[in-house]
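Dear colleague,

Here is the structure I said I would pass on. My notes follow below it.

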Amino acid sequence: MEELDCLGLRCPIPVIKVAKHLKEKEVGYQISLLSDDPASAPDLAAWARMTGNNVEIKSATSFQITKLSD
Amino acid sequence: MVSITSNFQSEAPLHPAVIDALGAVFGQSWADSAKLPADSRKARLLLDESRETFAKHFGIRSDGVHFLGEVNLGFFLGILGLIQPESTFSYSAIDRSEIFAIAEQLRSQGMQVEELSCDAGGVITSPVPDAKKIVAWQLRNGETGISQPMLADSALQIFVDATSSGLRNPLPKNWRTALWDSKAWGGPSGLGIFAVAPDAKYRNPIPHLDNRIVPGSASLPLIIASAMALELWSEREQAERNHLAALALLISNFAKSEIGDVDVIAATHDLISLSFLYIDAERLVGALDRAGFAVDSGSACQATNMEPSHVLAAMGTLTQGNVRITLHHGVTEKQINELLASLKALVAEQRAN
């Protein structure tokens, strides 16, 4: 699985990077994200809900994202 | 200097009539209302009249109305004043940070403390009834405008946080202590109104030698000015409530249909929270400011501690790109349309980069 390193980047940059990265990918594509921004956990969950994708929180700084819609 | 054409922050300028009256009020109410001479008797009369005004609007007895020169002290008095030997304390995940601080202190002193969660609609889980339980209960959340349901159980010892709701929400029947902030009705800042119910087992938790309920050093001129602002606000609220509700609906519909990728909390008629995906709130608030619109934000980049709003996070609402629009009396549809046009252009510009 590819890894997107957003350590040290503040909101909203990690969510923007995730969305851009997924743009050209197929449904079902998965990526691992590293982010230590305190807004990432709530905002990735909200982003997934709003855009119809999935986020799994692996640890305080690690997230697994699955593209479920275009 | 940028001139603000429209203010959508939670604070509002004082009503012009209150500003006009303030000078005279300071001239008439300088004396100590607790002393005997004529000027003091006059000051006492003015204080009593103001107390009656607050009591009438809050629907409580005037002898239970007290004034604080430091609003936030009321959280401490209202909660710690109810503590008995066996007390426990409950508060919610969307309470103000002052209450979090009190909870932390009580926890460290060994008291049983529970944090009540809230659902996606911002409604706090009702605490399990228990006569030993002191509950901090906000009537309305200052960031979202969401009102809490009435707590029906009379066994609870309820401290009511009415600092954001002001007159908008009635007190629950079984309240014990309550706190209002004069700013909630456009009154002067630096004044808290604190109330103790007749049946409350309240004990002033600040060291004192007499029978005082609160420290008692609030400014009498500010009390009088705040009572005047409360009367004016109450009158105008009845006239403008529906107009504001229509504007709030306009804002939330526009944000969803014309801007998109937005989490909207439109829970009340005069406060709308909008969180835009892929938007840096600091840049957005700054750009709106330069365009003449002042708004608040709950996003991390706008907070002193760089943490996202604990209220939005607890509700599962997007915390990035957040702007909070407060609709004050007198706001026009034209102003809202101008704000929305600016908002749409600025969000589109940021998203394109």
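Of the contacts in chain A between residues at least 6 apart in sequence, 59% join residues at least 24 apart. This is a predicted model, so please read everything here with that in mind.

Chain A has two helices and four strands, arranged β-α-β-α-β-β from the N terminus. Its radius of gyration is 11 Å, close to the 11 Å that the globule rule gives for 70 residues, so chain A is as compact as a globular protein of that length. Along the principal axes, its C-alpha atoms fill a box of roughly 30 × 25 × 20 Å. Buried residues account for 31% of the 70 residues in the chain.

The sheet of chain A

The four strands make an open sheet with mixed pairing, in the order E1-E2-E4-E3. At the edges are E1 (2–5) and E3 (54–59), each of which pairs on one side only. On average, neighbouring strands are turned by 25° against each other, direction ignored. E2 (residues 30–34) and E4 (residues 62–66) of chain A are antiparallel and share five bridges; in this pair, A:Ile31 stands opposite A:Ile65 of E4(A). Helix H2 (residues 40–51) of chain A packs on the sheet, where it touches E3 and E4 of chain A. The direction of H2 makes about 160° with that of E3(A).

The contact between the chains

Chain A puts 14 residues into the contact and chain B puts in 17 residues. On the side of chain A, the elements that give two or more residues are helix H1 (13–22) and H2. H2(A), which also packs on the sheet, gives the most, with six residues. By class, this side of chain A has twelve nonpolar, no polar and two charged residues.

The nonpolar cores

The largest nonpolar core has 55 residues, and those touching the most other members are B:Ile79, B:Phe159, B:Val160, B:Ile223 and B:Ile224. Helix H5 (residues 220–259) of chain B supplies the largest share of this core, ten residues. Leaving out residues up to four places away in sequence, B:Ile79 touches B:Ile102, B:Ile134, B:Ala136 and B:Phe159. Another core, of 49 residues, lies apart from the largest one. Among the residues of this other core are A:Ile16, B:Cys301, B:Val323 and B:Ile336.

Regards

How values were computed:
Residues are numbered from 1 along each chain as its sequence is written. Chains are lettered from A and ligands numbered from 1 in the order in which they are written. This is a predicted model: local features need pLDDT of at least 70, side-chain atom pairs count only at pLDDT 80 or more; totals for chains, interfaces and linings use all residues. Two strands pair if DSSP finds at least two bridges between them. Axes are lines fitted to C-alpha atoms, for helices over the stretch in contact, and angles run from 0 to 180 degrees between N-to-C directions. Two residues are in contact if their C-beta atoms, placed from the backbone, lie within 7 Å. Ala, Val, Leu, Ile, Met, Phe, Trp, Tyr, Cys and Pro count as nonpolar, Asp, Glu, Lys and Arg as charged, and the others, Gly among them, as polar. A nonpolar core is a set of buried Ala, Val, Leu, Ile, Met, Phe, Trp, Tyr and Cys residues joined through C-beta atoms within 7 Å. A residue is buried if 20 or more other C-beta atoms lie within 10 Å of its own, exposed if 12 or fewer, and partly exposed in between; C-beta atoms are placed from the backbone. The radius of gyration is taken over C-alpha atoms; the globule rule is 2.2 Å times the number of residues to the power 0.38.
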